[in-house]
Amino acid sequence: MGERSRVDLSNLSGGAANDYFADAMKKVLANIEDINTPAKAVRGITLTLKIKPSEDRLTAETEINVSTKLAAVKPHSKSMFFSRDENGELGAFEENVKQEILPFEALAFEAAKV
């Protein structure tokens, strides 16, 4: 009779615990790298093992589950301007329609000629 391995985290459920953890860790690292999330937010990985013994207590069914807690994407805010057109219809604009547009591109082109 060959030697049997006791169950530990590395061989639990045929290695599923390690695989689940590795996938969850990739998600956490991607979330940390994402500049749209707060840098210092706490992330987490929860690995849950459920063990349901049989009536005779000689075997058990196991269930492994993993969940991640990631940082939410930071909200982005910007002003919006409202103005009515010649027909009185209200519209929304990213720029202030009452402020004249400065010709920066034309000025830069002229300056480059000099």
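N31 is found in helix α1. The model is predicted: local features need pLDDT of at least 70, side-chain atom pairs count only at pLDDT 80 or more, and totals for chains, interfaces and linings use all residues. Residues are numbered from 1 along each chain as its sequence is written, and side-chain values use heavy atoms, with hydrogens and water left out.

Helices are DSSP runs of H or I with at least four residues, strands are runs of E with at least two, and both are numbered from the N terminus. Helix α1 covers residues 16-33, 18 residues in total, and spans 26 Å from its first C-alpha to its last, close to the 26 Å expected at 1.5 Å a residue. That expected span is 1.5 Å times one less than the number of residues.

The buried residues of α1 are A16, A17, A24, V28 and N31. They lie on the same side of α1 because they cover an arc of only 100° around the axis; the arc is taken from the directions from the helix axis to the C-beta atoms. Buried means under 20% relative accessible area, exposed over 50%, and partly exposed in between (1.4 Å probe, protein chains only).

| Residue | Relative accessible area | Class |
|---|---|---|
| F21 | 41% | partly exposed |
| N31 | 9% | buried |

The buried residues of α1 pack against β1 (44-53) and β2 (60-69). Leaving aside residues up to four places away in sequence, N31 touches T37, R43, L70 and A71, where contact means heavy atoms within 4.5 Å. On the face turned away from the buried side, α1 carries the exposed residues K26 and E33.
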